[in-house]
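Notebook open, model loaded. I want to look at the ligand shells and then at one helix.

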Amino acid sequence: MLKVDLKRINDPKVNLKEKYAKGHSNVYIETYGCQMNVADSEVVVSILNKNGFAYTEDYKLADLILINTCSIRENAEKRVFNRLEQFKHLKKKNKSLLIGIIGCMAERLKERLLEQEKLVDLVIGPDAYRDLPALVQKAEGGQQAINVLLSREETYAEISPVRLDKNGVAAFVSIMRGCDNMCAYCVVPYTRGRERSRKPDTILNEIKELIEKGYKEVTLLGQNVDKYNWDNGEVNFAKLLEMTALLSPNLRVRFSTSYPQDMTDEVLHVIAKYDNVCKYIHLPVQSGSSRILDLMKRGYTREWYMGRIEAIKKIIPGCAISSDFITGFCSETMGDHQETLSLMEWVGFDYSYMFKYSERPNTYAQRKLEDDVPEDEKGRRLSEIIELQNKLSLKSNQNDIGKTFDVLVEGFSKKSKDRLFGRNSQNKVIVFNRNNYQPGNYVKVEVVDCTSATLMGKAINRGGLI
Ligand code: 5AD
Ligand code: SF4
């Protein structure tokens with residue numbers, strides 16, 4: 001085991017500000033994985049900014065390269081190892097360059113990263129970012145710098161993240177951290193620790209600052225937002241969502257991720273009540289088979305999930321719904337797989353994120369169940385659900401032809417500077433003629449055509465939420 005020098009890490013005298021008073025060092029950060037990681041990278045840059053580091057988008061100019069990592073599937077980890085090999089060459093040219101791994105891979109792979117393969121100088125887990133400045137200093141002194149301790153309290157509540165996105169229109173705001181659900185396949189509870197909620201006023205203050213800076217959309221983030229709970233239920237997720245919606249009628253509010261077992265009707269009524277709460281719910285089901293859901297320890301059945309979908313459709317007509325799926329989980333039969341396909345058809349998901357099951361070390365599934373569906377069969381089932389989802393997405397998009405939506409413009413279309421892209425409340429991407437509109441504008445757009453991925457439209461006039 002590596003020893004963590006806590007005394008030194010917590011020493012308030014360790015402050016890079018002094019060291020870089022005359023100039024500054026550059027930090028480059030590369031982010032893999034989910035939106036939580038994107039939000040975390042912004043917290044990390046904020047902490048480093050206050051300690052003499054400037055952010056650079058060019059890794060060749062960096063004195064410190066950080067990779068914010070994801071462990072959710074084996075592929076994600078492989079990608080990071082490949083990237084580290086590439087960065088190793090930079091170190092040959094620049095001996096003082098420091099490379100750090102932060103995020104979910106830190107805890108899981110600390111020994112391999114620091115000791116066996118000596119790939120990095122720093123390893124810092126998702127709850128230890130406040131220690132980064134001290135750890136950088138330690139690494140500069142040639143010592144191994146590591147802190148992967150998980151916390152029951154850390155939410156980085158009062159830290160104002162430095163926005164790394166360039167559009168200045170939409171931002172992620174973290175409202176809670178960790179996950180207590182312990183789904184059988186999932187590594188997140190081990191890499192990100194226990195569930196904890198961030199103090200509501202710090203969330204609302206962060207959003208007010210965003211509004212002042214001209215942002216038009218926030219996405220409230222948590223592994224399971226329905227479990228948001230401040231002060232023993234004083235503020236639950238429904239209340240927080242409502243408080244956010246009331247900050248400004250011109251601010252769009254999104255959230256992710258909801259959990260079928262925990263999503264309440266109270267939340268659905270808040271979504272329905274406020275025009276600026278987007279009519280879109282990401283509600284991962286993972287499988288359509290109750291037997292597999294039980295093995296996955298999801299805590300609900302196919303029928304329960306269908307009940308939640310019915311509630312959404314009743315309370316929020318026109319609400320878009322997306323899901324996550326895992327194919328080839330332990331012991332999944334063709335019958336189970338067919339149930340997934342039939343559930344997809346029944347719901348008519350607008351969009352889905354679909355994955356092959358990837359066994360993760362130390363999870364319940366790895367310890368107790370057999371990963372017995374062959375890789376090529378997992379792949380075959382995955383192709384089948386992707387094909388079905390494409391059909392469902394196309395059908396859902398075709399349904400929108402002729403309808404008019406308020407679109408929040410996010411930027412220019414990749415293909416042409418004469419076209420803009422944005423999203424409607426249902427989170428669908430719409431591309432349309434630019435006219436005089438700018439990113440950040442609300443525009444009324446009529447849908448004239450579509451593919452399974454995108455709606456094509458024509459701008460009608462300046463739109464708005466009010
Ligand atoms: N294998 C494949 N997919 C996984 N996910 C989580 N863990 C695994 C795993 N071990 C998927 C789930 C989850 C999404 C974020 O990633 O579908 O909802
Ligand atoms: Fe993982 Fe389940 Fe928590 Fe999602 S809810 S992060 S799948 S344990």
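Started with ligand 2: I get 8 nonpolar, 2 polar and 1 charged residues in its shell. My classes: Ala, Val, Leu, Ile, Met, Phe, Trp, Tyr, Cys and Pro are nonpolar, Asp, Glu, Lys and Arg charged, and the others, Gly among them, polar. Among the residues around ligand 2 are Cys-179, Cys-183, Cys-186 and Arg-298. I count a residue as near if one of its heavy atoms lies within 4 Å.

Housekeeping: this is a predicted model, with local features needing pLDDT of at least 70 and side-chain atom pairs pLDDT 80 or more, while totals for chains, interfaces and linings use all residues. Residues are numbered from 1 along each chain as written, chains are lettered from A and ligands numbered from 1 in written order, and side-chain values use heavy atoms, without hydrogens or water.

Next, ligand 1. Its shell divides into 5 nonpolar, 2 polar and 4 charged residues, including Arg-73, Tyr-185 and Lys-356. I looked up three N/O pairs (cut-off for a polar contact: within 3.5 Å). Polar side-chain atoms of Gln-286 and Asp-324 each lie 2.6 Å from an oxygen atom of ligand 1. A backbone N or O atom of Ser-358 lies 2.7 Å from a nitrogen atom of ligand 1. Taken alone ligand 1 exposes 410 Å², and the protein buries 86% of that (Shrake-Rupley, 1.4 Å probe).

Last, helix H4, residues 74-93 (a DSSP run of H or I, at least four residues). H4 reaches 31 Å between its end C-alphas, close to the 28 Å expected at 1.5 Å a residue. Its buried residues (under 20% relative accessible area) include Val-80, Leu-84 and Phe-87.

Key
A polar contact is a pair of N or O atoms within 3.5 Å; within protein, one must be able to donate a hydrogen and the other to accept it, and residues adjacent in sequence count only if both atoms are side-chain atoms. Helices (H or I, at least four residues) and strands (E, at least two) are DSSP runs, numbered from the N terminus. The expected span of a helix is 1.5 Å times one less than its number of residues. Buried means under 20% relative accessible area, exposed over 50%, partly exposed in between (1.4 Å probe, protein chains only).
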